[in-house]
Every structure is written in C-alpha cells, then in structure tokens.
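Good morning, and thank you for making the time.

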Amino acid sequence: MSYRTILVFMLAAAMACNCDKKGKEPEQPDEEGGEPVPETTVDVAGPTTWALVDELGRTTASDVKRDFERPDKIVAMFYWTWHQDGEGGNQCGARRNINITEIIKFHPEALNDDTFPGDHPIWGQPFQGCYWGQPLFGYYRTTDPWVLRKHGEMLGDAGVDVVFFDCTNGTFTWDDSTMALLKTWSQAKKDGVNVPTIGFLLPFGANDDSRTSLRHLYTKIYKPGNYKDLWFRLGGKPVIMAYPDNLTSDPTDVDIKNFFAFRPGQPDYVNGPGRDDQWGWLECAPQHVYGKREQMPVGVAQNATKANGGHCYAFNAPGSFGRSYTDANGQDESEGAYLKGLNFQEQWDNAFKADPKVVWVTGWNEWIAGRQPEWPPQNPWKPFAFPDEYDSERSRDIEPTAEWGDYGDIYYCQLVQNVRKFKGVQKEPQATDKKTVSIGAFEGWESVGPKFLCYPGNTFERNHPDHTSSGRMLTNKTGRNDFADARVARDNDNIYFYVRTSSAISKHIEKGWMRLFINIDRDYSTGWKGYDFCLNYENPAGPSQGILSKCTGKEWEWERAGEFEYAVKDNMMEIKLPRTLVGATGSLNFEFKWSDNMQKEGDILDFYVNGDCAPGGRYNFIYKAD
C-alpha cells in the first residue's frame, strides 16, 4: 500500500524473458537463409515522425513545425517500481486484486461503510492496497520483463528522457524491480529502443532514511558502474533527488557528495521551492519553476482541495482536483469530462509559457492506494481515505487502462502530443527515387529509404506472477513474427512494401498473419480507426497471391477489394500493390502499420498487447512521395 503521500503531508506541514531470445541479440538467418538488409545511410523515420490520433480524434502535435528539434529540453516521468513481492511490507500480500472503480459500480453500498476496516467484505484486509483501475497489461508486478519491455518502448517512443523511481517511503528502494527494469531496458536499448535513463527520488528531507538509501544505491548501483549507460546525468554527474545535508565526513559519504548532482525533492503542492537546488514532483496550478528555470512539475491530477488550501489531502474527499479540474474554470461536470485531460493540459500549457529545461510529469503506473481509517493526520478526512488514487477521475496514471479505469490510451496520446510540442520533432525523411521491384528477388532494398524503425527482440513469451500473494501467472504467448525493418518503394503503377523479421516468417495459413493496414487518405473519419485497407485480413490462398480487403465504413467490417502479389523468403516479405486498387494514382501521402497475430479483432488497444506490430500501439508510419 502507499505511504508516500502520508510522508509528504507530514513533512510539508512541518516545513509550512522467459523465452528463447532472452538476453540475446535478435536471431539472424543462417547461411542457407535469406540475408537481412544491411545497415545503410538512408534516413530512419523515428518515433516523432509517426502519426498518432487518439480516440477523441485529436491529432498528435499537428501544429508542431517539422525540423524544430530542441535537444536541450528534457522530459522526466515519475515511475513506480513498488509493485513487487517482499520488500516494503509485502506489496503483493493480498489474495485478490481490489479495484475501487469496480466497487463503485457494483458495490456502492461499500462506500457508506463508516467503520474501519469496515464490515463489507469487498474491502479486504485493513489498510489493503486497492487499485483505482485495471492496467492494460493486467495486475502486474514490476519485476515482469514482458511489461518492463512494453514500458521501455512506450515511454521511449513518447520522448520521455528519464524516469525517476519513487523511493520516498522509508528506506525502500525496491531493488528487485529496479534491477529487473535495468536488465530489460539495457537489452531493449541494444535492440534500438530509445529507452529512458533512470534516477531515484528519495525521502523529502535530510533524514536518516534518505542517508541510508543514498548509501545503499551508491554501493549497489553507482559505485560498481552497473548499467551506467542508463544513468540520467546533468553537468556530467548522475542526478539523484535527495538531500545531501546530513551526509558525514565518512569516506563513502564524501564520495557520494562528489559523485551526484543533487536535486532535493520539494513535497508541497502550493508553496514552491524553499531553496535553489530543489525540484518539484507535483503541484496545483499555476506551478512554480524550480532552480532558476531548470525544472517544473506537470501533473495529471492533484489530491488536494480548495477547502484544504491546495495542500495534500485525501483523493476521495469532495472537491479534490481530479482530471477534469482546472484552476481557470474549476470542475467540469459534463459527462466523460475526465477523458479530455483538462487538468493535465492546463499544467502543460503553464510549462510551455515558463519553458524550463526539464518538465517532470506525474505519473506512470502508480495504480495503488492504501485504504486509511482517516487521512491526512491533521484535518483528516473520514470515515476512510485513499491518499493517492481513487477512481477514473481522481487518479494520476498515464499508463493505459483495461476495462476498469476506462480511458484506454487517451492520456498516453496526450502525453505524446505535449512532449512533441515541448521538445520538437524530427524532420520527415524524404523518400528515395522511384524504383520497380521484382517480387521474389529480394534485391535492392538496402538503398530504399526511409528505413522505418522497428524493434526486434520484443516477441518473447510472458510468464510471470500477478500482484496477488497466490501469484496467479500472467501469460502471453502471442509473439510470433518479430518485425525488425520496414521499407516502401513505388513506381508509376505499384506501391511495394518490404518487411524483415528477426527469424523465419511463419506459415501464411496462421490466424492474423502478417497483416498490413493502410490509411490511404490519412482521414481518420473513414475506415476502421482510419484504416481503409487491410492486406491479409483474409489469409492468402497460396504462397504468392494475397487478398486485399477494404473497410465497409462500419467498425471492423471488411470486404474483398482485389488481389496482390507477394513473396516470402525466410525472414523477408515483399508485396506488390497496384495503385489502382487503393486509389493512389498520383502523389502519395498515406499511413501504414504492420501487425502479426492480433487477438482481439476490432480493438485497437490490442496493438499494445498481443503479437507484434510496427510501429507499436496506436502509432502509424507515414509515407510521402511525389
């Protein structure tokens, strides 16, 4: 359960793969197989060139000027590693996962239970940690490499530069999760993922717990140089959000003082920095700028109320500053207002005006709040309180949700949009000259550009305990064809597609096999989620002739629209698509996406979870050519 906000309030008041590829480089074909496309000097279409339109139809950073990158700007994300077993009072000690949003819907009578721990059995044990919603990847532990790989890709693609782990509770540093993440992200980096670097936020004060954690982390990770390529640095030194004030003259403490760039955390939501070196983690709007325009916090929501002066309070108290609350307009009471991200956007807009070096976002994957008999310690909310999270409106997570906690990936898309506005975007790579491809020859693709960035190494099986003490296994065996490289060519009559996987492509008779979705007009009001055509929606009848399907205009309803020629050789696939079949007779400006082994057809969130796709999640590649 969460104790961080209790410590925050008290201090503020006092201050005023489990798989065959695991740990290996992506597999390469043997001498008898097809050769992969060599690395070339053609431009790479990276994440900021990818298209992204959310469920509300909001286009990601469509107003951002291309070729306006700001490499000096940094986005940090607050990240929780405490979803593990063991350290910190056995975080996985519950026999079942309790979801508050589900309770509100099906057991509203439990909200009127005015005793503690309460007679209603739905609440579980006293002080039970409860989920505000259901994560898209299930009720996972942060030792699950399958989830950690997903996080690394999603945050890296969003442009997040560094994650800071929440170690503000006593001396808990959640070592099992930390080391699992570092190992997973180190491999992901080798696979081409621009994973975030890492740092730690320690207790909010120069106390014994902070000093103990500093010494522990320095000895365990930093002094031996473990995963040093993943350390976040400023001025050449690893950054740690901790107070160095009570370090001693002990040689280790002297080394620590000299080793880190210290940015002590300021806990309060209202008062702003009390010293020049502090950073904030969450504030009510308008937020302060910390450290001479160095850093500003941006939050999704705040567990505070006007009645409490904007200071930390129970999130389930009336009037708390949820996702639909803004300082400018108060609470938006309209239906579904929490989907708009009004609070989040207001805080981002304040950051754009201040233009600090670092924007700190709260947060990613917090999920759990401990049910308290009353909280905060002074001026408490009763009969029970959830300090940090409560429901879809009153919570701070950006990580996508599943059924219970139903904003899906909307906040992730909003994050991407604002990060691109803050940091800028890559200039769109130019397509190389027209080229006629001889299908089945697999020649000449090394000089075709741009190269669309794909990540090999992410189709390993999932097999890890969930968050309960019983350790029910969370499994996923849908990873099959692992996309590693994608290209597009064209001539006057055809569009040619090439894709390479990290090992031999499976048989064409398998379900959901090697599909190619195309948004030919880049209009998201037509087709399924904008996709007008799908190649291999129906499996090919043979090894050379594929079926083109067109969306009828209804959700996930497709009809035959023609045939196309294709070829597969070991780990490579080529497609020849006549322009006339998709109405692309002039210049080209379309979006496309490779997908393999989709499980929940018609559910776009499945792109984050099952099989493999390139690019990941809701993103699409863009191809433009005269």
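Predicted model: local features only at pLDDT ≥ 70, side-chain atom pairs only at ≥ 80, totals over all residues.

Residues are numbered from 1 along each chain as its sequence is written, and side-chain values use heavy atoms, with hydrogens and water left out.

Let me start with the helices, where helices (H or I, at least four residues) and strands (E, at least two) are DSSP runs numbered from the N terminus. The axes of helix α4, residues 145-158, and helix α5, residues 175-190, come within 9 Å and cross at roughly 55 degrees, these axes being lines fitted to C-alpha atoms over the stretch in contact, with angles running from 0 to 180 degrees between N-to-C directions. The two helices are therefore oblique to each other, since angles under 35 degrees count as roughly parallel, over 145 as roughly antiparallel, 65 to 115 as roughly perpendicular and the rest as oblique. As for the contact itself (heavy atoms within 4.5 Å), P145, L148, R149, H151, G152 and L155 in α4 meet A180, L181, T184, W185 and A188 in α5.

Turning to the aromatic rings, the structure holds 64 aromatic pairs, where rings of Phe, Tyr and Trp (its six-membered ring) pair if their centres lie within 6.5 Å, and planes under 30 degrees apart count as stacked, over 60 as edge-to-face and the rest as tilted. In one of them, the rings of Y412 and Y619 have their centres 6.3 Å apart and their planes at 85 degrees, so this pair is edge-to-face. Y412 lies in helix α9 (residues 410-423) and Y619 in the loop between β27 (612-614) and β28 (621-625), so the pair ties together parts that are 207 residues apart in sequence. Y412 is buried, with a relative accessible area of 0%, and Y619 counts as buried at 1%; buried means under 20%, exposed over 50%, and partly exposed in between, using a 1.4 Å probe and protein chains only.

Leaving aside residues up to four places away in sequence, D327 touches A285, P286 and E346.
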